[in-house]
Amino acid sequence: MTMNLCAHQVFDGMLVWGDMGTKMRFAASSSSPVLMAELPDLRKSNKRRSLRMVKCSAAGADGGRVTVGDDVFSVTTSSKYEVDYLGQSTKGDLNLKLDLLQSFGNGQATLEGPIEEVARMEAQKAENLIRELGIQGPFSAQHSPRGIFCSRTLNLRSISAIGYDMDYTLMHYNVMAWEGRAYDYCMENLKNMGFPVDGLAFDPELVIRGLMIDKEKGNLVKADRFGYVKRAMHGTKMLSNKAVSEIYGRELVDLRNQSRWEFLNTFFSVSEALAYAQMVDRLDDGSISTDLGTLDYKGLYKAVAKALFRAHVEGQLKSEIMSKPELFVEPDPELPLALLDQKEAGKKLLLITNSDYHYTDKMMKHSFNKFLPNDMDWRDLFDMVIVSARKPEFFQMSHPLYEVVTGEGLMRPCFKAETGGLYSGGSAQMIESSLNVHGDEILYVGDHIYTDVSVSKVHLRWRTALICRELEEEYMALIGSRGHREELIELINQKEVVGDLFNQLRLALQRRSKGRPAQTLAATNLDDQELTETMQKLLIVMQRLDDKIGLMLESDGELFNKRWGFLSRAGLWDKSHLMRQIEKYADIYTSRVSNFLNYTPFMYFRSQEQSLAHDSPLHDAAMEN
C-alpha cells in the first residue's frame, strides 16, 4: 500500500507540510517506512514562486479518508505572531484548527492526561520514528563535528529571508591552493618592490584564524576573551611566557585601535599574516635594503598589505582560479540541497558577495549546478543576487544600485531592486524595502566575523550565522585531547590540595614567628621540626608538579595547532578572543552551510545554559540527573 502524503518534514512531534508542489510519500516496504520525495520541476525564472499549502487526501489504516493541508493547519503570519517564553517570534509556526480535532478519532485519547506523561510517551515515539526513518535527529547532529551550535536562541520558522556570503561560505576553497597562490603573488609583488623573499615558503601552520597582528611590535598574538595575551610570536619565533608577560602583562588587546591591531577574521588573512611574520624576520636580521627607506614594523605591515592587495586587485589570482576552479574549490554536493530545502520552505534566499559578477557566476556554476536537480541553475535558488556589495559598508550606508542585464556583465543604473534580480552595489536597507522583510526576520550567513556577522547585527539587528570550517578539525582534536586534559586537570587539582596545606602551614609558621597561636590547636602544637620538614616536602612536590603541568599546558591543543593550540580556547580554562567574538555576534555557528541539511528549515535552535564561577557542583549534578 502506498499512502500519498504532503508532509515535508517531521519536527517537534508534528508534521510540517511541503510547498511548491513537492510530492512526498511513505512507501510501504518489508521493513520500515521510507520517506521518499519527488523534487518539483522548477521553472528557470527569476520571479518569486509563491508558497502554497497543498491539499491532498490519504487513505487511513481503517480505509477512511483523512484530509490534510489548509483544512487542518494554519500558518502564523507576520501580522498575527506572538512572542514565546524564550522571547522568539512565533511567525511561521503551524497551528492546529481545534474544531477539526475530531479527525484524530480514537487517537485523541492518547493526548489526554498529565502533559508530563503525554510528552514523555510522544517524545519516545518521535525518537523511535526518527530512528526508523533513518533521519539524524537534531540532538545527535549537534553533538558532532558538523553540528550547528547556538549562542542565542533562534527560531528558524520565524526567519523570512536568509542571506549568504559566497567566498568561504557557500564555497570552500582549498586553503593550501587558494591562500598558497595568494601568498605566491604577494611574494612576487614584494620582490618587485625590492624586498628579499628568496628561500621563503608558504606554511599555513604558522598562523590560525583569530590571531591579532601587533603592527607596532611585529608580533602575532593570541588573546583570551578579556583581551589578555596568552601566546605570542615575534616574526616566526614563539615567545616565552616570561617574554609575553613582560611585553603585554600590563595592557589589553583593543581591536578598536585599528592603527595597531589587525584581527585575522578569515582564511583570507592567512597569507597576509604569514608573509608579514616572515618579513619581520628579514627586517630584524638586516636583510631588507635601506634603499626602501627607514622601515618600522608598522611600515612593514603596510608594504605587505599593499603587495597582497595588488594580487587581488590586478585580477591575476582570480583569473587563475576561474580558469581551473577544480584545483581551488572543494565541492560540497549537500550544500545546494540544503538551500533547496530552505527555498521550498518559503524562505527568500539572497546572495550578497563582494566578488564581481563574472567571478561569482563562474564559481557558483562550478560549485552548484551539477548538484541541482532538474537542470536547475544556481540563480534559480536565489530571490535576489547582489555582487560587488562592498561589505561592510553595504550594511551601514547606501551606494548606487546597478542592475546586471547581460551575461557579459553589462549594467544599467536602477533605483529599486525587484525579486529575482541580479544587482551590483546597493545597500541592505534596499533589500529590506524590496522584499518587505526587516531586522530579525533576516538571517545572514558568512565567514567573516566583522564584515558579515558583527556589522549586520549591530547596525540592522539581523540574525547571524558564522561559518568556521576549522570547527570540524577542532572538534576531533578536542576529543583526541580528552585524556591529556583529564590528566592535566587531575594534576592541577592535586597541586591545589597540596598547595592549600602548604599555605596553611606557612600561615601557622608566620603566626608562630610573631608569638601568636595558629589557626587551630593542633596546628599550634605542631613540632617545629615536623612543621619545617612537612613544608619542605610539600614544596618539592609542588615544584615537580609545576614542571609537569607547565609542559602539559604548552602541548595542550597541539592536535589542532602546535604553536597556537585550539581555535576556541586560550589556555586550559578560558575562551579565546575569537570565541568571545563569535558568541557575541553570531547567533549560531557551524563548519559549513550544508550542515543545515542535518536539521530542517523549521528548526528551533535553543542556546544552552551558561556556566558561572559560582555554580554549585551539586546544582550541576542535579541538572544532569
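The legends below describe close-up views of one predicted model.

Residues are numbered from 1 along each chain as its sequence is written, and side-chain values use heavy atoms, with hydrogens and water left out. Local features need pLDDT of at least 70 and side-chain atom pairs count only at pLDDT 80 or more, while totals for chains, interfaces and linings use all residues.

**View 1. The chain as a whole.**
The chain has 18 helices and 30 strands; helices (H or I, at least four residues) and strands (E, at least two) are DSSP runs, numbered from the N terminus. Of its 625 residues, 48% count as buried, where buried means under 20% relative accessible area, exposed over 50% and partly exposed in between, with a 1.4 Å probe and protein chains only. Among contacts with a separation of 6 or more, 71% join residues 24 or more positions apart; contact means heavy atoms within 4.5 Å.

**View 2. The ten-strand sheet.**
This open sheet has mixed pairing and the strand order β10-β29-β26-β25-β12-β20-β21-β24-β22-β23; two strands pair if DSSP finds at least two bridges between them. At the edges stand β10 (149–150) and β23 (411–413), each with a single partner strand, so one side of each is left without a neighbour in the sheet. Strands β12 (residues 161–164) and β20 (residues 348–352) run parallel and share four bridges, with A161 bridged to K348 of β20. Helix α11 (residues 428–435) lies across β20, β21 (384–387), β22 (401–404) and β25 (442–446), at about 165 degrees to β21. For such angles, axes are lines fitted to C-alpha atoms, for helices over the stretch in contact, and the angles run from 0 to 180 degrees between N-to-C directions.

**View 3. The five-strand sheet.**
A further open sheet, with antiparallel pairing, has the order β17-β16-β15-β14-β18. Its edge strands, β17 (237–238) and β18, each pair on one side only. Five bridges join β15 (residues 219–223) to β16 (residues 229–234) in the antiparallel sense, and N219 stands opposite H234 of β16. Helix α4 (residues 241–248) lies across β14 (212–214), β15, β16 and β18, running at about 100 degrees to β16.

**View 4. Aromatic pairs.**
The whole structure contains 15 aromatic pairs. Rings of Phe, Tyr and Trp (its six-membered ring) pair if their centres lie within 6.5 Å; planes under 30 degrees apart count as stacked, over 60 as edge-to-face and the rest as tilted. Y168 and F267 have ring centres 5.1 Å apart and planes at 45 degrees, so the pair is tilted. Y168 belongs to the loop between β12 and β13 (172–173) and F267 to the loop between β18 (261–263) and α5 (269–284), so the pair ties together parts that are 99 residues apart in sequence. Y168 is buried at 4% relative accessibility, and F267 is buried at 11% relative accessible area. A tilted pair is also formed by Y599 and F605, with ring centres 5.4 Å apart and planes at 50 degrees. Here Y599 is buried at 6% and F605 at 3%. Ring pairs also link Y168, Y173, W178, F267 and F268 into a cluster.

**View 5. Charges over rings.**
The charged end of R181 sits over the ring of Y185, at 4.9 Å from the ring centre. K318 lies over the face of Y359, 4.5 Å from the centre of that ring. A charge sits over a ring if NZ of Lys or CZ of Arg is within 6 Å of the ring centre and within 35 degrees of the ring normal.

**View 6. The surroundings of W462.**
W462 is in the loop between α12 (449–460) and β26 (463–467) and counts as buried at 0% relative accessibility. Beyond its neighbours within four places in sequence, W462 contacts I352, F395, A428, E432, G439, I442, Y444, S456 and K457. Its C-alpha atom is 9.8 Å from that of D587, 125 residues away along the chain.

**View 7. Nonpolar cores.**
A nonpolar core is a set of buried Ala, Val, Leu, Ile, Met, Phe, Trp, Tyr and Cys residues joined through side-chain atoms within 4.5 Å. The largest has 111 residues, of which L170, L220, L339 and F382 touch the most other members. Helix α3 (residues 175–192) gives the most to this core, with nine residues. Neighbours within four places in sequence aside, F382 is in contact with Y164, L170, L339, L349, L350, L351 and M364.
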